[in-house]
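Subject: Structure handover

Hi,

Here is the structure we talked about. Please load it first, then read the notes below.

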Amino acid sequence: METTVDVVDAHCHIISADQDAYPRAPLGGKQSGWAATRPVTAEGMVARMDETGIAQSVLVQATTNYGYDNSYVIDSAREEPGRFVAVGTFDPLRPDAAAALEEAVGDGGLAGVRLFTTGSTMQTQGEWFAAPESYAFWRQAQALDVPVCLQMRLGPATAQAEEVLDRFPGVRVLLDHIGYPDIAASPAKAGEEVAALARHERLHLKLTHRNLERLRDAGERAVDFLEPVVAAFGAGRIAWGSNLPAAEQSLPELLRLAEDVLAPLPEHDRAEIFAGTARRLYPGLGKADQ
């Protein structure tokens with residue numbers, strides 16, 4: 001499959017075959033299943049991108065494989081500066097969070113950071129990302145204008161996320177997997193829940209297969225979710241990401257899924273979701289070399 005449009009994959013993961021250079025260190029001490037059974041190296045990701053016609057990708061740290069050690073995504077982005085930028089997992093509760101963040105996104109090589117709050121490898125759950133001890137991190141992220149990917153589930157954590165967004169309204173937050181809204185139960189209700197968050201003007205949404213599969217299954221009711229969300233946020237605050245290889249499908253299949261679900265949207269909106277939003281969030285991507 002090849003696509004003639006500009007596409008940026010805003011969310012994919014890579015795993016090195018060299019465990020001596022890049023040892024496993026998953027949060028919680030347990031490696032995620034996909035990292036063990038279907039890992040993709042940086043070189044393998046380039047090959048899949050070329051096969052699919054994807055210009056550039058955002059390498060999101062595989063937290064369930066490497067924890068806070070962002071070495072592999074950083075090294076890979078430096079080796080392929082025209083194809084990749086790196087987003088690393090960060091601990092906002094560390095005492096030196098502000099200084100460490102400035103170093104990480106300066107010469108440290110990160111284009112953004114990610115806070116990972118849920119998952120099968122996490123020993124503890126909770127909304128620690130909104131604790132007072134994290135304020136120095138959020139204040140610095142706002143000052144540096146660093147995009148922060150927030151991996152969390154809507155529900156009990158929504159209030160804590162909104163507290164942070166209200167306290168630090170200048171920070172750019174990208175909600176991974178749109179916070180896993182329950183589209184299957186009710187696309188309309190899920191759409192209202194997500195659309196209500198649009199009042200936070202610098203909050204962005206990351207649309208992945210975890211949402212797109214539910215929308216595909218909803219059939220004609222998918223518009224009950226898409227219409228209020230796109231109307232509230234605007235396509236310029238929504239970015240598509242494949243989630244390869246955490247997603248079981250191939251990259252061409254994942255892109256086709258997104259294209260099929262988003263087909264009802266105007267061409268301009270699709271262009272924003274597939275590339276425009278990601279390029280504004282991560283200026284290091286520049287313009288694709290077509």
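In which loop is Asp-145 found? Asp-145 is in the loop between α6 (135–144) and β5. Helices and strands here are DSSP runs, H or I of at least four residues for helices and E of at least two for strands, numbered from the N terminus. Phi of Asp-145 is near 60 degrees, a positive value in a residue other than glycine. Asp-145 is partly exposed, at 32% relative accessible area. The cut-offs: buried is under 20%, exposed is over 50%, partly exposed is in between (1.4 Å probe, protein chains only).

Ground rules. This is a predicted model, so local features need pLDDT of at least 70 and side-chain atom pairs count only at pLDDT 80 or more, while totals for chains, interfaces and linings use all residues. Residues are numbered from 1 along each chain as its sequence is written, and side-chain values use heavy atoms, with hydrogens and water left out.

Other backbone points. Tyr-180 also has a positive phi, near 55 degrees. Tyr-180 sits in the loop between β6 and α8 (187–195). Tyr-180 is buried, with a relative accessible area of 19%. A cis peptide bond joins Leu-244 and Pro-245, with omega about 0 degrees. Pro-245 lies in the loop between β8 and α11.

The sheet. It is open, with 8 strands in the order β1-β2-β3-β4-β5-β6-β7-β8 and parallel pairing. Two strands pair if DSSP finds at least two bridges between them. β1 (8–12) and β8 (238–240) are at the edges with a single partner strand each, so one side of each has no neighbour in the sheet. Neighbouring strands are turned by 25 degrees against each other on average, direction ignored. β4 (residues 112–116) and β5 (residues 148–151) run parallel and are joined by 4 bridges. Leu-115 stands opposite Leu-150 in β5. Helix α2 (residues 42–52) packs on the sheet and touches β1, β2 (56–60) and β3 (84–89). The direction of α2 makes about 130 degrees with that of β3. Contact means heavy atoms within 4.5 Å. Axes are lines fitted to C-alpha atoms, for helices over the stretch in contact, and angles run from 0 to 180 degrees between N-to-C directions.

The cores. A nonpolar core is a set of buried Ala, Val, Leu, Ile, Met, Phe, Trp, Tyr and Cys residues joined through side-chain atoms within 4.5 Å. The largest has 83 residues. Phe-129, Phe-137, Trp-138, Phe-225, Phe-233 and Trp-240 touch the most other members. Helix α11 (residues 251–262) gives the most to this core, 7 residues. A second, separate core has 14 residues, including Val-60, Ala-275, Tyr-282 and Leu-285.

The cavities. There are 2 cavities of 30 Å³ or more. A cavity is a set of points on a 1 Å grid over the protein atoms alone where a 1.4 Å probe fits but cannot get out; lining residues have an atom within 4 Å of a point. Points are joined across faces, edges and corners, and volume is the space filled by probe spheres set on them. The largest cavity has a volume of about 90 Å³. α7 (158–167) gives the largest share of its lining, 5 residues. Leu-154 is among the lining residues. Leu-154 is in the loop between β5 and α7 and is buried at 14% relative accessible area.

Best wishes

Definitions and conventions: 1 Å grid on protein atoms, 1.4 Å probe; cavity = no way out; pocket = protein on both sides within 12 Å on 5 of 7 lines; lining within 4 Å.
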